Amino acid sequence: MPVNSDKNSAANVLAEPSANSSEYGIDLLPDHLHAFALLHRAMRRDARRLVAAAPSVATRPGHQPATAAWWERVRAAIDWHHHTEDEQFWPELRRRTGVSVDDVLGDDHAGLDRVMAAVSAALATPGAAELPLAAARFDTLVHGHLRREEAAVFPVLAGVGVRDYLAVERRMLARTPRRMLMFVQPWMFEAADPRAVANVMATAPPPVRLLTGTMRRRYERVLNAASLPLIAA
């Protein structure tokens, strides 16, 4: 059967880095958006990690509590990210640019809340029989949501002055609970491009830079307890 070259070409285009997406790399994104992009890449990575781990949870009952503990940290990080967007980032974006993302994103965050609750419920049930289906739904929803969000928001954020953008980011970090920061930083840096990590660290508050090693070790213990391998950059 002949290959449809048009479809192949379209797939190849979609799989290339873009200035309006972090899905296939962040090389074309402005440096000041790298932290935002790494958070999104961490969400995609762990959606896929959950899908990969889900079938074996039932056969490793001893690991189920540790897998649930890892998932609840990931879920809390995503929840924090979405509340930060809804309560701080999007209002600031609207104030500075007049752009509203509500028409594009609709109730995406509420939908993600529901499917994340389903994953938690599956992991709280002995045997976690519903986990593979809940994980697959989460993976699908995360990827679709991030494609829509980045296509709508990244072109606008790229036009915001670097100083103004970083000022908003610093205010956001100042309001973030310390326990959340201790997880989010190594979470977003796992498997990240070293150049992007360096860009983010260059604007990080001094206490965050000083605690980098401690945060990474704690993060690795959470993964190790659930027998989830650390993904290299």
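This is a predicted model: local features need pLDDT of at least 70, side-chain atom pairs count only at pLDDT 80 or more; totals for chains, interfaces and linings use all residues.
Residues are numbered from 1 along each chain as its sequence is written, and side-chain values use heavy atoms, without hydrogens or water. Local features need pLDDT of at least 70 and side-chain atom pairs count only at pLDDT 80 or more, whereas totals for chains, interfaces and linings use all residues.

A pocket is an open set of points with protein on both sides within 12 Å along at least five of seven lines; a cavity is a set where a 1.4 Å probe fits but cannot get out. Lining residues have an atom within 4 Å of a point. Points are joined across faces, edges and corners, and a volume is the space filled by probe spheres set on them.

The largest pocket holds about 430 Å³. Its lining has 29 residues, with Ala35, Glu169, Leu173, Met188 and Val200 nearest the centre. Helices H2 (34–57), H3 (64–97), H7 (162–174), H8 (178–189) and H9 (194–202) each supply at least two lining residues. H7 gives the largest share, six.

The second largest pocket holds about 220 Å³. H2 contributes most to its lining, with six residues. Among the lining residues are Arg41, Arg44, Arg45, Arg48 and His143. Met188 also lines this pocket.

One cavity of 30 Å³ or more was found in the whole structure. H3 provides the largest share of the lining, four residues.
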